[in-house]
Amino acid sequence: MVAVAQHPNIELVTYAEVSKISGYIGNFQVQIKKKAKYVDWDACTGCGLCTEKCPTKKLKDEFDLGMGLRPAIHKLFPQAVPGKPYIDAGNCRKLTEDKCGVCEKICPVGAIRFDDQDQYLDYEIGAIVMATGYDLFGWEEAYGEYGYGKYPDVISGLHFERLVSAGGPTQGHIRRPSDGKEPKQVAFIKCVGSRDDTKGKSYCSRACCMYTAKHAYQVKTKIEDSEAYVFYMDVRTAGKNYEEFYQRALNEGATFIRGRVSKIYPKGDKLVLKSEDTLIGRPIEVEVDMVVLATAMVPSQGSLELAKTIGFSTDKDGWYQEAHPKLQPVETFSAGVYLAGACQGPKDIPDSVAQASAAAVKVCGLFSKSELATEPMVSEVDMGKCSGCALCVPICPYNAISLKEIQERGGHGHGPFTRMVAEVNSSLCQGCGACIPACRTAALNLKGYTDEQLVSEVDALCL
Amino acid sequence: MKKRVGVFVCQCGTNIEATIDTEKVAEYARKLPGVVYATTYKYMCSDPGQELIRNAISEHQLEQIVVASCSPRMHENTFRKAVVGGGLNGYMFEMVNIREQDSWVHHERVAATKKAEDLVRMGVSKVLRNKPLQVSTIPITKRALVIGGGIAGMQAALDIAEAGHQVVLVEREASIGGKMTQLDKTFPTMDCAA
């Protein structure tokens with residue numbers, strides 16, 4: 001992370017979103033919205049005094065998934081890069097009620113800016129790498145049998161990561177959320193939302209088998225006299241040293257039970273899991289202190305809108321669509337837009353890193369040339385035939401068609417006049433042909449696939 | 001433009017040959033109007049296969065080329081380059097898909113062969129109406145935008161930056177690092193995520 005921030009060739013724009021993208025490969029125009037942070041990061045030294053003194057201290061910390069507390073002015077987490085704080089405007093008393101203002105008074109370098117506004121930055125860009133990642137499946141709405149999120153000690157794998165992390169709300173001690181006690185029996189349920197057509201997604205999320213093995217291993221090694229029960233459909237360990245790692249979890253004494261959990265219900269301060277051990281064909285019940293769900297990966301919030309803004313496609317589950325599943329795994333159907341990491345489909349860290357480097361090589365390959373050859377099989381307009389109806393304009397998925405004004409000489413008693421005709425930007429046009437059937441005057445033709453050529457093929461088949 | 005079409009029917013090992021009688025397709029192609037040369041080969045995309053196309057262009061003064069093989073998504077570029085290598089405009093070329101759309105989806109050899117003949121006839125008819133197309137060029141701004149500052153975005157940004165190009169890395173949150181920063185140790189090496 002620090003290497004990224006320190007690299008002279010990288011301009012880091014955080015707390016920001018892409019608001020507009022136009023243009024085409026080699027020549028994108030991008031507008032980035034930098035959200036107001038209310039802190040001048042150029043002046044701020046990151047000393048942390050404001051965070052310490054902010055009186056609004058009891059906000060739920062999103063980074064710890066609501067299990068810890070944070071003030072209104074804060075860093076995302078202590079090791080944040082850049083290591084500067086920002087104000088959560090909705091919860092700041094100065095910004096909502098015009099009271100307080102403590103941070104401004106105590107900041108030794110005067111970096112607080114309560115009048116900060118959203119800024120828009122414009123960039124000329126040659127290539128785009130999408131790396132929008134994933135979110136976790138909202139199991140609370142889908143899995144009633146696991147309590148719809150009602151039981152505080154039924155948590156997701158990411159909650160568990162925060163609990164077991166030295167930088168987390170419990171400093172790495174595994175404590176269950178309801179009463180802060182150390183759980184002795186912990187159950188893990190895999191494929192919550194993954195491989196479940198009825199309630200979730202049909203696909204496998206790929207990383208869960210391994211992180212659940214890791215979680216079970218951590219329970220067994222961090223908590224004395226503990227039990228870790230893992231309910232699974234299959235154990236998928238297809239990666240270098242993955243099977244060995246799974247064996248390590250087994251050797252530590254984790255109990256793997258092949259079966260789906262059909263119900264979780266509370267009993268005293270325990271949770272009871274009803275399931276079946278399908279390997280011995282018997283129903284079983286397990287009493288535990290905490291349950292961890294390995295929830296499916298789903299596309300990151302907002303990723304669909306971003307794909308539409310840029311103009312490339314997503315698959316049936318909303319993951320970004322690669323140009324070819326085997327031969328062009330990091331390219332998209334939009335030239336100059338590449339994919340890295342889980343935005344293309346569920347991935348673990350090694351795969352994400354490998355794909356990111358692949359996308360980087362594609363960008364470097366493009367940048368190794370000073371000019372780019374364009375595909376000549378694109379749409380062209382016969383201006384004499386074009387009526388300027390503009391039906392083709394909204395149909396183009398690449399925003400390649402616009403109207404332009406042309407001069408006509410007139411005649412038959414009319415003087416010179418102007419009229420509108422369609423114009424195709426041959427750099428933006430991908431030759432998909434969507435505009436052709438929309439053209440009522442047959443003024444549009446796709447070079448290499450003209451009406452004449454297509455009719456001749458049909459004639460050759462039918463006549 | 002003279003009408004001198006060359007037809008090259010690929011066997012793709014047994015991918016095509018097992019279901020389609022490629023010799024028969026080539027023989028049929030020779031009788032089509034405009035076709036002056038037709039042949040088959042085991043792997044048309046291979047080096048000797050491409051050499052075959054290049055040599056036939058000069059030997060038979062071919063002006064239009066039809067390759068009956070796999071999907072254009074697989075090898076259109078390969079054959080277009082071979083056609084250019086033979087001295088023709090790369091767009092005086094048509095690819096006819098007799099693998100994905102014929103041999104792979106049919107079992108009956110006679111009917112599949114007949115279909116391949118139909119497809120080749122269509123391709124020949126089209127290529128006779130092809131016009132040379134010219135490739136144009138556009139300039140490239142050598143600055144990359146990486147959207148998302150998680151593990152994938154950071155790695156891509158670093159690699160591009162290391163190669164000497166400018167990178168703008170946009171992150172929605174106030175810090176880069178993404179989901180990874182929320183993780184404790186990571187499998188299988190159990191090293192830290194931050």
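These exercises work through a predicted model with chains A and B.

**Exercise 1. Find how many residues the largest nonpolar core has, and name residues with the most contacts inside it.**

Step 1. Count the core: it has 141 residues.
Step 2. Pick out those with the most contacts inside this core. From chain A they are A:V129, A:M130, A:F188, A:V291 and A:A340; from chain B, B:A156 and B:A157.
Step 3. Zoom in on A:F188. Leave aside its neighbours within four places in sequence. A:F188 is then in contact with residues including A:T212, A:H215, A:Y229, A:F231 and A:V292.
Step 4. Look for another core. A second, separate one has 43 residues, among them B:A38, B:V67, B:I98 and B:V120.

**Exercise 2. Describe the side of chain B that touches chain A.**

Step 1. Count both sides. In chain B, 62 residues are in contact with 84 residues of chain A.
Step 2. Assign elements. α5 (109–127), β5 (137–139), β6 (143–147), α6 (151–162) and β7 (166–170) of chain B each supply at least two residues.
Step 3. Find the largest share. α6(B) gives eleven residues.
Step 4. Sort by class. This side of chain B has 31 nonpolar, 18 polar and 13 charged residues.

**Exercise 3. Work out how β21 of chain A pairs with β5(B).**

Step 1. Locate β21: residues 371–373 of chain A.
Step 2. Name a facing pair. A:E371 stands opposite B:P139.

**Exercise 4. List the domains of chain A.**

Step 1. Read the assignment: domain 1 (2–128), domain 2 (129–373) and domain 3 (379–462).
Step 2. Take centres over C-alpha atoms. Those of domain 2 and domain 3 of chain A are 49 Å apart.

Technical notes:
Residues numbered from 1 in each chain as written. Chains lettered and ligands numbered in written order. Predicted model: local features only at pLDDT ≥ 70, side-chain atom pairs only at ≥ 80, totals over all residues. Core = buried A, V, L, I, M, F, W, Y, C linked by C-beta atoms within 7 Å. Buried ≥ 20, exposed ≤ 12 C-beta atoms within 10 Å, placed from the backbone. Contact = placed C-beta atoms within 7 Å. Helix = DSSP H or I, 4+ residues; strand = E, 2+ residues; numbered from the N terminus. Nonpolar A, V, L, I, M, F, W, Y, C, P; charged D, E, K, R; others polar. Pairing = 2+ DSSP bridges. Domains from an automatic or database assignment.
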